[in-house]
Amino acid sequence: MPESVDAVEMQAALLRLRRTSGLPVAFGGLLADSRHARIAEVNGARTAALRGLVISSGSGLGGKSMALSRPCAVTDYRSSRHISHEYDTAVAAEGLCSVVAVPVVVRREVRGVLYGALREPLTLGDRTFDAAVAAARDVEQALVVRDEVRQLLAVSRPEPDAAAGAAGAWEDVREAHRELRALMPKVLDPALRDELLAVCGRLASATGTREPGEREVRLAPREIDVLACVAAGATNAVAADRLGLRPETVKGYLRSAMRRLGAHTRLEAVVAARRAGLLP
């Protein structure tokens, strides 16, 4: 299966491209293998000609952009002498003329391509290029988050019984839990966010020691995020930086969590959260 950014994230990038550039059509897709990208999302199209199109590296405008790893544009796609013309039929069916293509590049590796297009032969200016590059950066950031999530999920899957016998292994699990929770607000894909929450829940409950009949404690997601940072030894300022919050906001979440947990110190709050199965 090809690696993919959720349709919500890709569509958000394409919508931003249209809004900021004024281009009526935007489309794009990620690599299905090392040399081919599949156009999975289309915004503003009148036909289905572009959807599902497989772009080969070096072929057409997008393929040229992928091969050179830089933005490329043409004023009149069908008559341009600077690109090959394998995709003229689909381009003509949609009535596109001026087109810009921008590669999606993560850590120097091309991972996809985004396009913006006009239905008339006009020169595309700097504003259009800047908007296309910004949209590609949105997708790149989403891919970076996905890569980090996958790495953390790989770390966070040890069997609890095996991990419980090694303090070092549990520290790795706790750090993975903290980083997963810190990444959560950046993930737009609801399915992936639900998976992350489920993994975090399994990690947190693995060491829970709440006695039968003991009062169940519920904390807000951000309260758990703050406690996870505190459990790793972070100050309010460091936790704020990791979570993208203000230090005063972190202090407020921590104070609220301590009150709910019946704790009087930061350490007591962490211990109580672990007993309640809210932290690993």
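User: What percentage of the 280 residues in the protein chain do buried residues make up?

Analyst: This is a predicted model, in which local features need pLDDT of at least 70 and side-chain atom pairs count only at pLDDT 80 or more, while totals for chains, interfaces and linings use all residues. Residues are numbered from 1 along each chain as its sequence is written, and side-chain values use heavy atoms, with hydrogens and water left out. Taking buried as under 20% relative accessible area (1.4 Å probe, protein chains only), the buried share of the 280 residues is 46%.

User: Which residues form the aromatic pair that is stacked?

Analyst: Rings of Phe, Tyr and Trp (its six-membered ring) pair if their centres lie within 6.5 Å, and planes under 30 degrees apart count as stacked. The structure holds 1 aromatic pair, with 4.4 Å centre to centre and 15° between the planes, formed by Phe 27 and Tyr 115.

User: Is Tyr 115 buried or exposed?

Analyst: Because its relative accessibility is 5%, Tyr 115 counts as buried.

User: What is the volume of the largest cavity?

Analyst: A cavity is a set of points on a 1 Å grid over the protein atoms alone where a 1.4 Å probe fits but cannot get out, and lining residues have an atom within 4 Å of a point; a volume is the space filled by probe spheres set on the points, which are joined across faces, edges and corners. A search of the whole structure finds 1 cavity of 30 Å³ or more. Among the 13 residues lining the largest cavity, those closest to its centre include Phe 27 and Tyr 115. Its volume is about 100 Å³.

Technical notes
Buried < 20%, exposed > 50% of the residue type's maximum accessible area, 1.4 Å probe, protein only. Phe/Tyr/Trp six-rings, centres within 6.5 Å; stacked < 30°, edge-to-face > 60°. 1 Å grid on protein atoms, 1.4 Å probe; cavity = no way out; pocket = protein on both sides within 12 Å on 5 of 7 lines; lining within 4 Å.
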